[in-house]
Amino acid sequence: MAEQKIVLSGMRPTGKLHLGNFHGALKNWVALQDKYNCYFFVADLHSLTTAYQHTENLAQNSEDMLIDWLTAGLNPQKCTIFIQSDVPQVSELNTLLGMITPLGWLLRNPTYKEQIQELLKQKYAGQLDEKTLGEKVASIAADDEISCFGFLGYPVLMATDILIQQASYVPVGKDQTAHLEIARDLTRRFAEIYGEQVFTEPQPLYTTVARVPGLDGRKMSKSYNNSIFLGEDLDSVRKKVMTMFTDPNKKGKNDPANPEGCVVYAFHQIYNPNAAKRCEECKAGALGCVACKKELFALMEPELSAFNERRKTFENDKAQLAQIIASGKEKARANAAATLTKVKKVMRIIK
């Protein structure tokens, strides 16, 4: 391994992974495992911060996510793959760090109200006008289903995941740097209070994130019902591609169009090495949207078909999956336990 510094990242098992997850994160993870000592975890505890009342599929979602990771190319011989709740030290350190986290840090967290707003939009879709929704967001505590201790404190849990494994880097897009700030602040605050630097202060590792819109042009998301899922039947994918949003001003197949904002063109940029040429043809009205969509599916099909075939291998070998989970748990626990022991000694909880 070229460098032994630790890189850590995780995903919440909230359901099937989609092409946004695949191109936006997984492909980067696969590349990182050849450069760093990588820890990738299924963030099942994080799932409880927004869906604590819906745990009926949590274990199955975790297993399905692991299968997708392995199919995408994560190699347990090159990286540590584990389930968050399999490492009890995470919950213990989360409690200790929660004791020293100022409430103001959490309330000022820029993503807190954004996520609250998104959750409320989903919950009250079609029921509230923008003004009433805005009042709801302003009075977060009025919604007991969302305004929970775990949701408010999720940045501390996220920081715990990073700090307990002594991660030097966390892969983020350039618009996500703020997500690391509480982890960095807690590293310094702990040292100031207890007089010893125990944690590695994590740095952002900026990664190239492919823009993968949903079928309707919004961000690809399960909650928007606009996703193409990993392992999805190819006929289903073909039908979805044919429904993709295009330039609404293009009325006929020979009319010129604007590729910017066109979902089909965004996917051509991922799958088509001649995307620039396709862009010019689109602007000139040299290709109709139906033909463009058919070409796109033909470009997507080989990779998706190969993925589906590889996935069956891992799906049908539950013994191998169990072994990978057990091995990852052992490595993650050992690293976390070493950190937790140092923390408890510095805090004078143990001698």
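Q: How many salt bridges does a search of the whole structure find?
A: A salt bridge pairs a side-chain nitrogen of Lys or Arg with a carboxyl oxygen of Asp or Glu, within 4 Å. A search of the whole structure finds 17 of them. This is a predicted model, where local features need pLDDT of at least 70, side-chain atom pairs count only at pLDDT 80 or more, and totals for chains, interfaces and linings use all residues. Residues are numbered from 1 along each chain as its sequence is written, and side-chain values use heavy atoms, with hydrogens and water left out.

Q: Where do Glu181 and Arg184 lie, and how many residues apart are they?
A: Helices here are DSSP runs of H or I with at least four residues, strands are runs of E with at least two, and both are numbered from the N terminus. Glu181 and Arg184 both belong to helix α10 (residues 181-194). They are three residues apart, about one turn of the helix. Their side chains meet in a salt bridge, 3.6 Å from N to O.

Q: Is Arg184 buried or exposed?
A: Look at relative accessible area: under 20% is buried, over 50% is exposed, and in between is partly exposed (1.4 Å probe, protein chains only). Arg184 is at 14%, so it counts as buried. Glu181, with 32%, is partly exposed.

Q: What about the salt bridge of Asp235 and Lys239?
A: Their side chains meet at 3.5 Å, N to O. Both residues sit in helix α11 (residues 234-241), four residues apart, about one turn of the helix. Asp235 has a relative accessible area of 35%, so it is partly exposed.

Q: Which residues do salt bridges with shared partners join into one network?
A: Glu181, Arg184, Asp185, Arg188 and Glu201 are joined in this way.

Q: Are Glu232 and Lys240 buried or exposed?
A: Glu232 is buried, and Lys240 is too. Their side chains form a salt bridge of 3.0 Å, N to O.

Q: How many residues does the largest nonpolar core have?
A: A nonpolar core is a set of buried Ala, Val, Leu, Ile, Met, Phe, Trp, Tyr and Cys residues, joined through side-chain atoms within 4.5 Å. The largest one has 50 residues. Leu19, Leu26, Trp69, Met244, Phe267 and Met300 have the most contacts inside it. A second, separate core has 39 residues, including Leu8, Tyr39, Tyr112 and Ala332.

Q: What is Met244 in contact with?
A: Contact means heavy atoms within 4.5 Å. Leave aside neighbours within four places in sequence. Met244 is then in contact with Leu215, Ile228, Val263, Val264, Phe267, Lys293 and Leu296.

Q: How many aromatic pairs does a search of the whole structure find?
A: Rings of Phe, Tyr and Trp (its six-membered ring) pair if their centres lie within 6.5 Å; planes under 30 degrees apart count as stacked, over 60 as edge-to-face, and the rest as tilted. The search finds ten pairs. Take Trp29 and Trp69: centres 5.1 Å apart and planes at 80°, so this pair is edge-to-face.

Q: Which parts does the pair of Trp29 and Trp69 tie together?
A: Trp29 lies in helix α1 (residues 19-32), and Trp69 lies in helix α3 (residues 58-72). The pair therefore ties together parts that are 40 residues apart in sequence. Trp29 counts as buried at 2% relative accessibility. Trp69 counts as buried at 0%.

Q: What kind of pair do Phe190 and Tyr194 form?
A: Theirs is tilted, at 4.9 Å centre to centre with 50° between the planes. Phe190 and Tyr194 are both buried.

Q: Which residues do ring pairs link into a cluster?
A: Trp29, Phe40 and Trp69 are linked.

Q: Where does the charged end of Arg218 sit?
A: A charge sits over a ring if NZ of Lys or CZ of Arg is within 6 Å of the ring centre and within 35 degrees of the ring normal. The charged end of Arg218 sits over the ring of Tyr224, 4.1 Å from its centre. Arg189 lies over the face of Trp105, at 6.0 Å from the ring centre.

Q: Where is Pro213 found?
A: Pro213 is in the loop between β5 (203-206) and α11. Its relative accessible area is 4%, so Pro213 is buried. Not counting residues up to four places away in sequence, Pro213 touches Arg218, Met220, Val263, Ala266 and Phe267.
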